[in-house]
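Open the model in your viewer and keep the selection panel at hand. The stops below go one by one.

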Amino acid sequence: MGMALVRTIYPTQSLASATKGKSLLDGMLIIDPHAHPDMNPEYWKDHSASFRFMKEVGMAASGYFAIGDFPQTSRTPFGSYYDIAVRMIDYWMNTVVQKGFVKLVLKMSDIPAPGTETPGAILGLEGGDALEGRVDRVDEFYKLGVRIITIVRVHNNELGDMMSARPGLDPGPYSGGLTPKGRAVIDRMQELGMVVDVAHCSTATLKDVVAYCKKPVLDSRTNLCATGNNCGRARTWKEMEWIASSGGVVCSRPVAWDKQPSKTIRDWANELLEMKKKIGSEYIGIGTDGGGGFRRLSGYNDVRDLGKLAEALTDVGFTREELAAFMGKNVYRVLGKYLS
Ligand SMILES: [Zn+2]
C-alpha cells in the first residue's frame with residue numbers, strides 16, 4: 001500500500017519540479033564549457049551531455065572536449081594523445097557537426113541565442129599532452145576548430161603539472177609550475193584566440209598561469225575543497241580567488257564537495273552558494289564534464305537536470321540575475337576575451 005502511494009506521488013512531484021526548473025531557465029543563456037558529448041558510441045557510453053538533451057534544456061553551447069578518460073586510462077592501444085584528439089575531433093566534424101545537429105562555434109557571433117534549436121559546439125582539447133610541447137600544434141588545433149585548451153590533464157606534461165595523480169597512473173616528472181614551453185603555448189593561444197583552461201592544474205602551475213596569462217582564465221571543471229585538505233581535483237578558496245582575480249570563472253560539476261556527504265542537487269546548490277558568497281556571482285559557472293563517465297550526484301542524470309539545479313539555486317537565494325550569470329553569462333564574458 002505504502003509503496004503504491006509512493007509510486008503514484010513521486011512521478012507527479014518530479015514532473016512538476018522539472019517543469020518549474022525548466023521555466024526558470026527560459027530565455028537564459030546556458031553555456032557548459034566542459035563536456036564530452038556525442039562521442040563515438042563504439043567505445044563511449046556516457047550520453048549525459050548529448051545534443052538531444054541540450055536542445056531540451058535550451059542550452060546555447062557546450063564544450064566538446066577531445067580526449068575523455070577512457071582512451072587515456074585504458075590499455076586499449078588508441079595511439080598517441082595527438083592521434084586520439086585528432087580522431088575525436090574528426091568524428092564530431094563528420095557526425096554531429098556535418099549533420100547539423102550542432103553548430104560549430106569559431107567566433108563569438110556563432111554562439112546561438114538562448115533556447116536555440118541548434119546548440120553550439122565549442123571544440124576543446126582536454127590536456128595539452130596532444131601538443132607534445134610544440135607551439136605549431138596550437139595553430140594546427142586552432143585550424144581544426146579548437147577554441148579551448150586545458151593546459152594539463154591526468155599527467156604532468158611539457159607545459160606544466162597536474163593537480164592530483166590517479167591511483168595506478170604514473171603522473172610523470174614534475175616541473176614545479178608552468179614551463180617555458182607552457183608559456184610559449186599560452187602566448188600563442190592568446191594571439192590566436194583560444195581560451196586558457198586551468199582545470200586540473202596543480203596549485204603552483206595554476207598560480208603561474210594566472211600570473212602569466214594576460215586574460216581571464218577558465219577553470220572549466222572542478223568543485224569546492226572547503227577544508228583545504230586532500231582536495232584531489234577540487235579547488236581551495238585561495239585557488240578560486242586567484243582565478244576570480246584574473247576575471248575568470250570557476251566551473252562546478254555535479255559531484256559532491258568535501259563538506260557535503262549527502263550528494264544531492266540541493267548540496268550542489270549549497271556548494272555554489274558558498275562559492276557565490278566567497279568569490280562572487282560573476283566568477284562561477286557550470287562545467288558538467290558530461291560524458292566524463294564519473295559518478296554524479298543523485299538526481300542528476302544529464303544536462304536536462306540543470307533545471308533542477310536552477311530551482312535549487314533559487315531556493316537557496318540566487319536571484320535571477322545571479323542564476324543567469326552562473327548558467328552562462330560569466331563563461332560568455334571569458335569566451336569574449338579570447339574569441340574574435
Ligand atoms: Zn572532462
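Start at the zinc ion. Its site is irregular, with angles of 85 to 170° among its 4 donor atoms. This is a predicted model, so treat every value here as computed from it.

**Stop 1: the zinc donors**

Select His34, His36, Glu126 and Asp289. These residues coordinate the zinc ion at 2.1 to 2.3 Å. Show the donor atoms: NE2 of His34, NE2 of His36, OE of Glu126 and OD of Asp289. Now look at the sequence. The donor residues follow the spacing H-x1-H-x89-E-x162-D.

**Stop 2: helices α4 and α5**

Select residues 81-97 for α4 and residues 135-144 for α5. The two axes come within 11 Å and cross at roughly 15°. Because the cut-off for roughly parallel is under 35 degrees, α4 counts as roughly parallel to α5. The crossing of α4 past α5 is left-handed.

Show side chains next. From α4, pick Tyr82, Ala85, Val86 and Ile89. From α5, pick Arg137, Glu140, Phe141 and Leu144. Those residues make the contact. What classes do the residues of this contact fall into? There are 6 nonpolar and 2 charged, with no polar ones.

**Stop 3: helices α7 and α8**

Move to residues 203-212, helix α7, and residues 237-245, helix α8. Their axes lie 10 Å apart, and the helices pack at an angle of about 15°. The angle therefore makes α7 and α8 roughly parallel to each other. Their crossing is left-handed.

Select Thr203, Leu206, Lys207 and Val210 on the α7 side. They meet Glu239, Trp242, Ile243 and Ser245 of α8. Color the contact by class: 4 residues are nonpolar, 2 polar and 2 charged.

**Stop 4: helices α10 and α11**

Finish with residues 306-315, helix α10, and residues 320-338, helix α11. At what angle do the axes of α10 and α11 cross? They cross at roughly 145° and come within 10 Å. Here α10 passes α11 in a right-handed crossing.

For the contact, show Leu306, Leu309, Ala310, Leu313 and Thr314 of α10. On α11, show Leu323, Phe326 and Met327. By class, this contact has 7 nonpolar residues and 1 polar residue, with no charged ones.

Terms used: Residues are numbered from 1 along each chain as its sequence is written. This is a predicted model: local features need pLDDT of at least 70, side-chain atom pairs count only at pLDDT 80 or more; totals for chains, interfaces and linings use all residues. Side-chain values use heavy atoms; hydrogens and water are left out. Axes are lines fitted to C-alpha atoms, for helices over the stretch in contact, and angles run from 0 to 180 degrees between N-to-C directions. Helices (H or I, at least four residues) and strands (E, at least two) are DSSP runs, numbered from the N terminus. Angles under 35 degrees count as roughly parallel, over 145 as roughly antiparallel, 65 to 115 as roughly perpendicular and the rest as oblique. A crossing is left-handed if the near helix is turned anticlockwise from the far one by less than a right angle, and right-handed if clockwise. Contact means heavy atoms within 4.5 Å. Ala, Val, Leu, Ile, Met, Phe, Trp, Tyr, Cys and Pro count as nonpolar, Asp, Glu, Lys and Arg as charged, and the others, Gly among them, as polar. Donors are N, O and S atoms within 2.8 Å of the metal (3.2 Å for Na, K and Ca); water is not among the atoms, so sites may look incomplete. Four donors count as tetrahedral if all angles lie between 85 and 135 degrees; four count as square planar and six as octahedral if opposite donors are over 155 degrees apart and all others between 65 and 115; anything else is irregular.
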